[in-house]
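Reader: Please give me a close look at one part of this model. I want the pairing, the packing and the cut-offs behind each term.

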Amino acid sequence: MFTVLLITAICIILFIRILVVFQVQIQFFMMGQDQGFKFNEIILLWKLAKEAEIEEPLKLYVSVPTLNMAISKVIMNAKENGTESLESTQNFIAKLYDYRTKIDLEHDSKKGLDSTKYLEKGQRLRIILKGKGVFASEILNVGHELIIQLPLQKNVRTVEPGDWVTHDVSVYLWRKGDAGYVFDTRVTNAGIFQGQSVIYLAHTNQLERAQKRKSVRSACQIYAQLYFIDTTAEPNYDALEVEPGYKCLLEDISEDGAMIRIGGLGRQNVKIKIQFDIDERIIIMFGIIRAVEFNQQANQSRLHFECLHIEKEMKNKILEFIYRDLSEDKKNELTALAEVEEESLAENGVRDVDYSELVNPSVEPRSEEVDFEEPISFDGDAS
């Protein structure tokens with residue numbers, strides 16, 4: 001009885017050992033069967049993965065570039081050994097192409113990335129290292145870990161390879177034809193790869209789609225002049241108003257709008273421009289009132305103003321005002337998002353503003369106490 005139990009225990013241990021040692025091969029064959037490949041075809045794909053030194057053979061079933069490499073290898077080998085014209089070879093190649101098409105279609109419909117294991121060599125990255133800022137890098141290899149170029153700031157090495165190790169980082173990227181992503185991971189090692197200084201990032205399945213950079217609003221109390229826009233004529237964006245307009249108060253501001261407090265009842269969809277100064281620099285914003293909050297008891301309105309036109313220099317001045325009051329972490333996050341967004345725009349031939357140059361933490365945030373006066377009403381014909 002004891003002998004039987006001992007033999008059973010040994011068999012179980014050996015079976016578990018085999019499962020552990022051949023775990024990747026078992027997964028590879030099971031996935032191959034699920035995708036409709038024959039046993040001998042799966043063996044050939046496994047051999048190709050090993051010959052091509054693909055550290056993650058399962059990528060053959062999910063990665064179009066990796067599958068392209070396998071197809072090229074099959075065709076090249078068939079030409080070399082004279083089996084290119086064989087029906088079995090052509091059937092196998094046709095199956096590979098069909099599978100490639102299937103992956104392409106699934107990618108187009110899914111448009112998603114659920115693991116860093118499926119990122120590709122050459123993918124550009126933005127890395128945030130807490131306390132150090134935003135860095136640029138690129139993936140050199142995808143295997144058991146991500147191997148990336150030593151991250152640089154404006155092409156300058158500001159953090160040595162060893163100083164990255166064991167630190168947690170946030171990674172932002174734009175995946176061509178898909179979307180922006182962000183994930184957190186840890187730097188596991190540093191070294192040399194293909195003659196370049198690199199760091200190693202642990203893989204993760206916790207990726208999130210990076211939202212497009214949203215305008216950041218900054219609370220303020222800035223006295224401004226409000227003017228109605230003549231909708232019958234083309235607006236003169238260069239015109240500086242010298243006559244006083246209606247007095248108003250900006251309670252918060254962003255690059256693309258503001259919250260404006262006025263006396264009296266405001267009206268929605270009225271086109272206006274506001275003129276004010278930040279750090280002795282005149283700012284002019286043209287736009288439209290999208291919503292109105294009226295306080296009948298105080299006889300005041302808060303106008304949700306959307307800016308439709310502002311000169312770049314003035315926009316940058318507003319962003320400088322906003323950014324200087326942000327936490328360092330928030331600045332880094334917005335800079336990374338802006339650079340990733342710029343890559344997505346560049347893919348379509350559009351360029352965006354470089355917001356990373358706008359932070360000036362040496363200047364104190366401006367805040368003014370302004371007495372609100374001279375109520376105005378939009379009950380007239382201005383529109």
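**A strand, then the barrel and its core**

Author: Strand β1 covers residues 124–129, and five of its six residues are buried, so the rest of the structure largely encloses it. Buried means under 20% relative accessible area, exposed over 50%, and partly exposed in between, with a 1.4 Å probe and protein chains only. Strands (E, at least two residues) and helices (H or I, at least four) are DSSP runs numbered from the N terminus.

This is a predicted model: local features need pLDDT of at least 70, side-chain atom pairs count only at pLDDT 80 or more, and totals for chains, interfaces and linings use all residues. Residues are numbered from 1 along each chain as its sequence is written, and side-chain values use heavy atoms, with hydrogens and water left out.

β1 pairs with two strands. Two strands pair if DSSP finds at least two bridges between them. With β2 (residues 133–142), β1 forms six bridges in the antiparallel sense. I128 has V134 of β2 as its bridge partner. Three residues separate the two strands of this hairpin, and G131 takes a positive phi near 85° there. With β4 (residues 168–174), β1 runs antiparallel over four bridges. R126 stands opposite Y172 in β4.

Now the barrel. Six strands close it in the order β8-β9-β10-β13-β12-β11, with antiparallel pairing. From one strand to the next, the twist averages 45°. β11 and β12 share eight bridges. One of the bridge pairs is K273 with F286 of β12. Helix α6 packs on the sheet and touches β8, β9, β11 and β12. The direction of α6 makes about 70° with that of β12. Axes here are lines fitted to C-alpha atoms, for helices over the stretch in contact, and angles run from 0 to 180 degrees between N-to-C directions.

Next, the core. A nonpolar core is a set of buried Ala, Val, Leu, Ile, Met, Phe, Trp, Tyr and Cys residues joined through side-chain atoms within 4.5 Å. The largest has 34 residues, and L250, I253, I260, I274, F276 and M285 touch the most other members. Among the elements that each supply at least two residues are β8, β9 and β10. α6 gives the most, with six residues.

Take I253. Its contacts (heavy atoms within 4.5 Å) include F276, M285, I318, F321 and I322, not counting residues up to four places away in sequence. A second, separate core has 23 residues, including L119, I148, V171 and L207.
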